[in-house]
2 protein chains.
Amino acid sequence: MARTSPNLVITTADVKNMRAAITQEGKFKTTFVAVKASVDKQIAQKITVPVPQDGGGGYTHERHKKNYQLMYDAGVIYQLSQDERYAHYVRDMLLEYAKLYPTLPLHPKRKMGKQSPGKLFWQSLNEAMWLVYSSQAYDLILSSLTTTQKQTIEQGLFRPIVKFLSVESPQTFNKVHNHGTWTTAAVGMTGYVLGEQEWVEQALYDLEKSGKGGFLRQLDELFSPQGYYNEGPYYQRFALLPFVTFAKAIQTNQPERKIFEYRDGIILKAINTTIQLSYNKLFFPINDSIKSKGIDTIELVNGVTIAYGFTGEKGLLDIAKQQNQIILTGDGLKVAQALDNKFEKPYQFKSIAFGDGHDGKQGALVIMRQNVQGEQAVLFKPAAQGLGHGHFDKLTWQFYDRGEEIVSDYGAARFLNVEAKYGGRYLPENDTWAKHTVAHNTVVVDETTHFNANVEVGNANYPELLFFEKSDNVILSSAKIDTAYKGVSLTRTMALINTPIHNGKEQAKSLVVDIFDVKSKEQHQYDLPVHYKGHLISTSFKLNTNVTNLPVLGTDNGYQHLWLKAQAQPKAGLSQITWLNENGRFYTNSSIMDGEASFIFTQIGANDPLFNLRNENAFINRKTKAKDHTYVSVLEAHGEYNPSKEFTLNAVSEIQKLSHKKINQVEVIEIGFSDEQHYLLAINSAENVKHNQKSTFSFNGSKYQFDGRFKLFDIKE
Amino acid sequence: MARTSPNLVITTADVKNMRAAITQEGKFKTTFVAVKASVDKQIAQKITVPVPQDGGGGYTHERHKKNYQLMYDAGVIYQLSQDERYAHYVRDMLLEYAKLYPTLPLHPKRKMGKQSPGKLFWQSLNEAMWLVYSSQAYDLILSSLTTTQKQTIEQGLFRPIVKFLSVESPQTFNKVHNHGTWTTAAVGMTGYVLGEQEWVEQALYDLEKSGKGGFLRQLDELFSPQGYYNEGPYYQRFALLPFVTFAKAIQTNQPERKIFEYRDGIILKAINTTIQLSYNKLFFPINDSIKSKGIDTIELVNGVTIAYGFTGEKGLLDIAKQQNQIILTGDGLKVAQALDNKFEKPYQFKSIAFGDGHDGKQGALVIMRQNVQGEQAVLFKPAAQGLGHGHFDKLTWQFYDRGEEIVSDYGAARFLNVEAKYGGRYLPENDTWAKHTVAHNTVVVDETTHFNANVEVGNANYPELLFFEKSDNVILSSAKIDTAYKGVSLTRTMALINTPIHNGKEQAKSLVVDIFDVKSKEQHQYDLPVHYKGHLISTSFKLNTNVTNLPVLGTDNGYQHLWLKAQAQPKAGLSQITWLNENGRFYTNSSIMDGEASFIFTQIGANDPLFNLRNENAFINRKTKAKDHTYVSVLEAHGEYNPSKEFTLNAVSEIQKLSHKKINQVEVIEIGFSDEQHYLLAINSAENVKHNQKSTFSFNGSKYQFDGRFKLFDIKE
């Protein structure tokens, strides 16, 4: 049967439109011209297909990576320009590979046991990526080849590599894991090009077509029902590419499979969720993540392009505009033309609790957003461990305001590809610092790490999301975990509040309320760190600062990396710490202290002989001996520091009163700015609370009543 | 004689054009609408003219400041809208002041001896500023007043305040100093409005009209012939406003004085120099400066507006566009309309040595600029002390690349107007850290500060600029000072280099060559710090890092604020230190070490009980015992770190060879990247070198010859 070509991500119909588009000015043509210029420069060089020799980052590794991208790009330019030189270049390179591939043993730099080996590359993951691109390149030039050439390339290259990646590597191929996705995508797409429907079936349902593995099972297992990927946004973005690429190829070849509707549209949900997991263009840096990764990464550019092609949602164009990168495909053309016509509408970022795990019930990743004189976001993380790249940070949180990190997460300790920094790999400090609990904004018991830093134990246990609710002024969530420490129960309730305005007199204020309840039958030491970004401005209590000598705070579990800068033991009552962020706004942490707990001010950098760590600051609320302890604190964004225009507004917190009581099942947080501006946040913390269930409580002699989970009372004192 | 009104900065002709402009869409109208809305909001409130009571930042202080701005704005809106309500508001407020002023004693919060006192304000400086604005406000509403009202206001307010600021305060009025400029401008402008030409004469020539003081003498003395203001850009910007405002009023009333041509156009030069003293919109932060101050400050907005009005130079529009602020004056209208019509042309930033002092011969502030894959700037500072706000940093330098600070200056230790930080004033650490030599990038002898930190001695002595020269690939400057330390001569030569390209093979590289020659008959310890911005990536030598305990480096002169993070004693030869800046580029300092000198790695923050200092990093090249010592180093910008796109290029310095020889009078710096790419920078360091003077030297067996001061030889090894 003569096959239509191309017919994977790009179709013949696409090509027709794309050829028309490059005759007119616009974003698509601009991209075409740039890619063509880049390809022209590269194909002027001799084809180089070296015998595999080097591991990641080495010459042959990088060369084979460049080759697949180059073949793909040249294939696209061939289709658009109809200039045979590009097809010949791809053909000749594929012929070189067809000559080389059958001669190859397993890669000399393979790491058996640690990762599945490839032949062109040290790991089969790269081999699968190579095939995802080169199968598309082959599809793009197919019509230019003679039957003999096709036979040579298929017999010498594509059949052996598919065999190697599928039947010869069942453990990876059948694995329900991101590496399995790349492999099944590669094999399935090659199956479409070579007309081997059997390979497609194996890719979809596993080698035995049992459905226990394969692409569809991966779609069932690797995402939560809302499209959240267990390892977090940094790896979600990475995992996305083979999913969207193979799905698009399936849609093209077998639209009857309705792959984009599979599992209630899980692929589109995954793309949207990846976008939702960002703030000011960057992904929330939970788990092992490089903090500068964001929505403009190529994987998400592909995702957004394909999603727009399928749905035509104008909000996606807003993201595409920020990505500022056009893909030379049919969907890419649709995006380019829509942007040329300014069709974009603001993308709607929402407050959502993303259930974790394949069933969405293994904890959750909670995002709360509001706009009060700038956009705020709280990320609250009662999520599951997230496998080997997960951090031991159950119930941690982060806070963002006006585009900047305010309460931060260290992310991964890594300088990606910087040879001098441990070969560009994860630094040793990723294990000794970044993964540990104290590197996050959550409770550390007895200076040890959640699950004793054991990944398997972490993967087997997860927090429970107790509730997630919203009203006009409050977004509220609560979660608990009893397994992070033996015999210790941790429950955290967080609220992002936008204070109501009285008679237009005050400005609305942005507050985060944090109630962290720790319960144990034994006595422990509890530490609650806040890793803050900015310059410490003031404390409402006296600091004992180490001025001539900095000691280390502890010996293990990340504590060995903290310099002890200052200590303080504030009096019982309201204690405040104010800092100033780069964004010119002040932030005050107000805590209710009991007169015994202390604050410890730290800086990262001890036991760091090679200056691998960033010297960031934190304060730790420490309760040395307690069974049950409740931390109550409020983070307040206020004022403005504008040295350029020479004004400073509200550099001082306006909170004058903070109290916490538990009255039966009702938690009551009192936040007072002045007699006129005074709030009670009342939360019914019972397990199940119905929508119309009434709660009542007395406070300072007055009676209060509310329906459902919570209410923010606006009272006068 | 009936006076035309208004006729100071704004004229009746201006008003006609401005009234026409607000009937059409454009930047001018937009600004008018915004200012009018702001004024409307304020004049809806009751007029408040409180009895003076508070010092700077306090209520009555801020209220009187707001009042003068409000009267001025309301006056402008009156002229534009012709709505009498605005005139009445100004009139009523002036009448209040006319009632209050005659009753006022000296301000209760005055600080006698320290600063000249005012009546409305604690210092007469603020009183003069008040008058600069309110005299203009009065001028703007003059035509709406009855003769009686004028008499009341002039007798009760303007005559007494002028008398107070002039004949009753001769010491300030006659002083050739920035405070004198505000005072003479205020009195002179009021003189024009009230038709008191005598006041104008006094403002121009001093109270006795001797010419020993007054505005013209200030123009003679306070700027160098190139328009550089002795205290540096931060205070130059501040000083600018009364100069340009009064000059504009003089031009309006007495064009025959040709004030803008005075002293070869010194006012326009001063405006242009202020712009030149910026990088990426921010002023170079020498001396006491708040680092976020830049070209968008209101003083420079006024300066650029008036300069454009006078010259029509389109480069100024480029700056005005970046300032993004329109002034409601005739000149402001010209700027607005020119920007509406997109007339702007790129402003030309240049490499210049600004002579310091009234004669331009008291040292110089040198700026070198180039564009090599991004804009670089070197600021080299063999400038004079710059009075009380000057830092003890003779021959220091700073380096900027791709919009960011790379080798930095701390600026002032101050959180402007942040009450919790020492009342928002200069912090104690400004004296104990920021002004000291070790806080800069220049040689410290025996851990003491230049001039023993004595301002008077500093003001009396200054470096000598030896030369400043340019060629296609090199910008070169050299300076010396023998008075910073007794018996020690400091000579520094700096070059900013843009390496020539061979056959289009390599990319041009940006290098800074630094030769710091210290000579003494006695033995001393010499420290040369480099305050770098970024994360330390690697060193070519082994570090002894303090991992469990951080000691303080020293006890005084700023050393007490430095934590000693690590030490190293590299072998003789080339030693390299690489860091990564926020801008994603790598920077390597290559130094020639003698095997005895050491590197000390520090962080600011010791002896800082209230967390007042920023915790920034430096390395110090220390030679403990030497009489003569020459530091030779090269700073190289290289590579790119792009974790978002997952690539890292050239993270390692390409310099493989660095040597320095002095062959007779010729300094020869050899910089080798590879056999193919090898340079010799030869500099004839004799006192006077003529343009066509020939120098010869031998190097590695070859003979070289060049004309004039220097040559960059591009050789193969």
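Trainee: Hi! How many salt bridges are there over all chains?
Mentor: Over all chains the count comes to 72 salt bridges, where a salt bridge is a side-chain nitrogen of Lys or Arg within 4 Å of a carboxyl oxygen of Asp or Glu. Keep in mind that this is a predicted model, where local features need pLDDT of at least 70, side-chain atom pairs count only at pLDDT 80 or more, and totals for chains, interfaces and linings use all residues. Residues are numbered from 1 along each chain as its sequence is written, chains are lettered from A and ligands numbered from 1 in the order in which they are written, and side-chain values use heavy atoms, with hydrogens and water left out.

Trainee: Okay, which residue does A:Glu96 meet in a salt bridge?
Mentor: The side chain of A:Glu96 meets that of A:Lys99, at 3.6 Å from N to O. The two are three residues apart in helix 4 (residues 84–100) of chain A, so about one helical turn separates them. Helices (H or I, at least four residues) and strands (E, at least two) are DSSP runs, numbered from the N terminus.

Trainee: And how many salt bridges cross the interface of chain A and chain B?
Mentor: The rule finds six across that interface. One example is B:Asp296 with A:Lys645, at 3.9 Å from N to O.

Trainee: How many residues of each chain are in contact there?
Mentor: Contact means heavy atoms within 4.5 Å, and 53 residues of chain A are in contact with 53 residues of chain B. The two chains bury about 4100 Å² between them, 55% of it on carbon and sulfur atoms. Buried area is the accessible area (1.4 Å probe) that two parts lose on being put together, summed over both.

Trainee: What about polar contacts, how many residue pairs are there?
Mentor: There are 31 residue pairs in polar contact between chain A and chain B, both residues at pLDDT 80 or more. A polar contact is a pair of N or O atoms within 3.5 Å; within protein, one must be able to donate a hydrogen and the other to accept it, and residues adjacent in sequence count only if both atoms are side-chain atoms.

Trainee: Which element of chain A gives the most to the side that touches chain B?
Mentor: Strand 14 of chain A does, with four residues.

Trainee: Where do strand 16 of chain A and strand 16 of chain B come in?
Mentor: Strand 16 of chain A and strand 16 (residues 549–551) of chain B pair in the antiparallel sense over three bridges. For two strands to pair, DSSP must find at least two bridges between them. In this pairing A:Asn549 has B:Pro551 as its bridge partner.

Trainee: How can chain A be laid on chain B?
Mentor: A turn of 180 degrees and a shift of 0.1 Å along the axis do it, with an RMSD of 0.0 Å. That is the relation of a two-fold axis. The C-alpha of A:Leu550 is the nearest in chain A to the axis, 2.4 Å from it. Copies are superposed by least squares on the C-alpha atoms of residues with pLDDT of at least 70 in both.

Trainee: New topic: which strand is joined to strand 25 of chain A?
Mentor: Strand 25 (residues 657–663) runs antiparallel to strand 26 (residues 666–672) of chain A, and seven bridges join them. Among the partners are A:Lys661 and A:Val668. Their hairpin has two residues between the strands, and there A:Asn664 takes a positive phi near 55 degrees.

Trainee: Last one: where is the cis peptide bond at A:Pro6?
Mentor: The cis bond joins A:Ser5 and A:Pro6, with omega about -5 degrees. A:Pro6 sits in the segment before helix 1 (12–21) of chain A. In chain B, a cis peptide bond joins B:Ser5 and B:Pro6, with omega about -5 degrees.
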